[in-house]
Each structure stands twice: as C-alpha cells, then as structure tokens.
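Have the model open in your viewer, with side chains ready to display. The tour goes from one selection to the next.

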Amino acid sequence: MTNRSNAQYPTTRLRRNRRTDWSRRLISENQLSVDDLIWPIFVHEADGIEPISTMPKVNRLSIPEAVKAAKEAYALGIPAMALFPYSPAEKRDEMGSEAINPDNLVCRAVAAIKEAVPDIGIMCDVALDPYTSHGHDGLLENGTILNDATIEVLIEQSLRQVEAGCDIIAPSDMMDGRIGAIRGGLDKAGHTDTQIMAYAAKYASAFYGPFRDAIGSTSALKGDKRTYQMDPANTDEAIREVALDLAEGADMVMVKPGMPYLDIVARVKNHFHVPTYAYQVSGEYSMIAGAIENGWMDRDRVIIESLMAFKRAGADGVLTYFAIDAARLLNNE
Ligand code: PBG
C-alpha cells in the first residue's frame, strides 16, 4: 500500500514509535502464535530415536517415541503434526506398494498417536517417494513419471491413511488432477469431512536435500523431479496451480519451500484469500540450525524471526521442524 501521508522529516520521525517496548508492541502489525505451527516428524521401524545427520537435533522416532512427541506438542498447544516415514531399501519397490499397505509404518503411527492424543491434528503426506525404489513421487515407466496411473495409487494411499485416523490429507506429489481425484475417492468412501491441504505450489528445490536423507530417499532417487515439481523461475504458474487445486476441492493450500519463496506466499494469499501455509523445509531448517550450532546466529531470535517472515508474507501457518522450540519460546517457557 502506498503511504499517502506525505510525511516528512523532521516533523515525522518514525523512531518515535519504536522508542519503548510498549509502543513497539502497540504498532506491531503481525503476530506469531503457537496456533500457527505444524510440526513435521519422521518415524522409523526401529526402536528408540536415531539422529538424522543432515538435520541437527532432529531424530527419527519409533512409534512410542512419536506418541511421546505428540503428547509434548499437544501440551504446548501445537495444533497439528505431519508424519513422514523413513523407508530402508527393503521397504521400497518399483511401484511403491508399501504406500497402500494399511498396516504400513505411517498408518500404525497415525493410529497410535490418535489413540493417545485424539485432539491433535494429524496430517499425512500423499506421494510415493518414501516407498519407491527409484525415489520418485509417482510411478515410473521408461523414464516418464505417469500422471493418471499414479493418481489411482494416491487415492488408495489417502484412503488407508484416513482409515488409520489421519485428519488432513496432504498430496505432495504434484501430479495434475490428484486433488479432485482424491476428494472424489474420499467422498465416495464417506470421508466427506477429511480436510485436504494441497502442496499446491511446490518447487523442484535443492532445499529438500536433508529431508531425502531423513526418509532414506537420497541414494534411491534417480534423476530429478523437474517434470512434476515447479521451476523456481516461475510465479504465474503457482497461481494456476493453486487455482486448480482449489477448484478440485483443496481446503488449504501450501507453498514450498518457504523462505526462498515468500513472494509466492504473499501472491497466493493476496490473490485467493484462502487458508495458505508455508513449509520451512529441511534445507532451510538445517541452514539455520547449523548456524545456531556453530554460534553464528542467536538461536531464539533467528527461530522467531524466520517464522514471523511467513506471517508477514500472509501465511496462516507454517510447517516447521522448529515447532517445539518456537512453541516454548512463544509460551515463554
Ligand atoms: C515428498 C516430500 C518432500 C518433502 C515433503 N514431501 C521431498 C521431495 O519432494 O523431494 C520435503 C520436505 C522437506 O524438505 O522438509 N513428496
């Protein structure tokens, strides 16, 4: 918005409003609260916890540990968590079959968390990459990721997750038409109240590097994801992606990565005025967490500042691996 006041120094001194803490609070334009946080966690089949070498202080959790984490998140007031499975090579195949196993790790983890902490929201990724031997999000045939055939599997995957207790289905695969197809599949099965958060504008990004290590996809992935994820050069295309996903029934949309794509967050929010989320992805997390570990940046301040940026851009919430730390800071614990 243009400043129409014709303000001029020395009559106007913007530092006046910044002089005191109470005044700074009074003029502050955006608020970050615990209600804005979604906490992504990684689960594994093994017992206990296992550090992820590329993500300082983030661990893969056994199901009992994930339940403990959910209790902690709930106690802090964090509204929702997102679950991601670590899959070793023996759980992967060409078709990503484990995705539709009703007894797979994610489904068991969802059920266990929902049983122990029924009032925390659980979000599940819908994509085949944790389960495919080639590490792609869809079915691969002669070097091509098949769109429509993949969607059929994604519908099954969504149904299994919802049956296990998942509240928010989050398709992250970037196939065309999958939101409508999944919505139809869920509705047909009577799950008309299950929410869908579309990874609507998801870019082919190097910032996912640490995540692929966390879920065991790094060595699996052959090639890149540029035939389905977006080109970092584009913004109009993000608007088209969001428009399609909303028309197909998405309840909420997400932009991903976060900080390098704040312009997209702002544009999507301003254009559609719908619930809009940003994902502060693994690479963003690790850059900040690494700098904190090295003493290069102040931990508390950089965590809050990095999350406030999303609110300023217009996001209604943020998926962040810092959710627990941020919640403690915001609760003054
Ligand atoms: C899988 C998926 C990815 C992320 C979330 N879901 C990685 C990818 O598309 O390769 C990235 C999350 C992160 O980096 O924190 N479809």
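**Stop 1: a bridge from a helix to a loop**

Asp316 has a relative accessibility of 29%, so it counts as partly exposed. This is a predicted model, so keep that in mind as you click. Lys269 and Asp316 form a salt bridge, with their closest N and O atoms 2.8 Å apart. The pair links distant parts of the chain: Lys269 sits in helix α8, Asp316 in the loop between α10 (299–313) and β12 (317–320). The cut-off for buried is under 20%.

Next, select Asp129, Asp137 and Lys225. Salt bridges that share partners join these residues into one network.

**Stop 2**

How many salt bridges does the count come to? It comes to 21. Two more of them are worth a look.

Select Arg60 and Glu50. Their side chains meet in a salt bridge at 2.9 Å, N to O. Arg60 belongs to strand β3 (residues 59–61) and Glu50 to strand β2 (residues 49–51). The pair is ten residues apart and links distant parts of the chain. Arg60 is buried, with a relative accessible area of 7%. Glu50 is partly exposed, at 33%.

Move to helix α4 (residues 147–164), where both Glu156 and Arg160 lie. What joins Glu156 and Arg160? A salt bridge, whose closest N and O atoms are 2.8 Å apart. The two residues are four apart, about one turn of the helix. Is Arg160 buried or exposed? Arg160 counts as buried, at 16% relative accessibility. Glu156 is partly exposed, with a relative accessible area of 32%.

**Stop 3: aromatic pairs**

Switch to the rings. A search of the whole structure finds nine aromatic pairs. Select Tyr199 and Tyr279. Their ring centres are 6.3 Å apart and their planes stand at 45 degrees, so the pair is tilted. Tyr199 lies in strand β9 (residues 195–202) and Tyr279 in strand β11 (residues 276–280). The pair therefore ties together parts that are 80 residues apart in sequence. Tyr199 counts as buried, at 1% relative accessibility. Tyr279 is buried too, with a relative accessible area of 1%.

Now take Tyr203 and Tyr261. Here the ring centres are 4.3 Å apart and the planes are at 25 degrees, so this pair is stacked. The cut-off for stacked is under 30 degrees. Tyr203 is in the loop between β9 and α6 (209–214). Tyr261 is in the loop between β10 (252–256) and α8 (262–272). The pair links distant parts of the chain, 58 residues apart. Tyr203 counts as buried, at 0% relative accessibility. Tyr261 also counts as buried, at 9%.

Which residues do ring pairs link into a cluster? Select Phe42, Phe84, Tyr199, Phe211, Tyr279, Tyr285, Tyr321 and Phe322 together. Tyr199 and Tyr279, from the tilted pair, are among the members of this cluster.

**Stop 4: surface patches**

Select Arg13, Arg15, Arg16 and Arg18, which form a positive surface patch. Zoom to Arg16. Arg16 is in the segment before α1 (21–27). At 46% relative accessibility, Arg16 counts as partly exposed.

Then select Trp22, Leu26 and Ile27. These residues form a nonpolar patch on the surface. Together they have about 370 Å² of accessible area. Ile27 is found in helix α1. Ile27 counts as partly exposed, at 40% relative accessibility.

**Stop 5: a contact across sequence**

Where is Asp251 found? Look in the loop between α7 (236–247) and β10. Asp251 counts as partly exposed, at 36% relative accessibility. Asp251 and Val274 are 8.2 Å apart in space and 23 residues apart in sequence.

Definitions and conventions:
Residues are numbered from 1 along each chain as its sequence is written. This is a predicted model: local features need pLDDT of at least 70, side-chain atom pairs count only at pLDDT 80 or more; totals for chains, interfaces and linings use all residues. Side-chain values use heavy atoms; hydrogens and water are left out. Patches are made of residues with over 30% relative accessible area and no salt bridge: like charges are joined within 9 Å, nonpolar side chains (Val, Leu, Ile, Met, Phe, Trp, Tyr) within 5 Å. Accessible areas come from the Shrake-Rupley method with a 1.4 Å probe; for residues, only the protein chains shown count as cover. A salt bridge is a side-chain nitrogen of Lys or Arg within 4 Å of a carboxyl oxygen of Asp or Glu. Lys and Arg count as positive and Asp and Glu as negative; His and the chain ends are not counted. The place of a charge is taken as NZ of Lys, CZ of Arg, CG of Asp or CD of Glu. Buried means under 20% relative accessible area, exposed over 50%, partly exposed in between (1.4 Å probe, protein chains only). Rings of Phe, Tyr and Trp (its six-membered ring) pair if their centres lie within 6.5 Å; planes under 30 degrees apart count as stacked, over 60 as edge-to-face and the rest as tilted.
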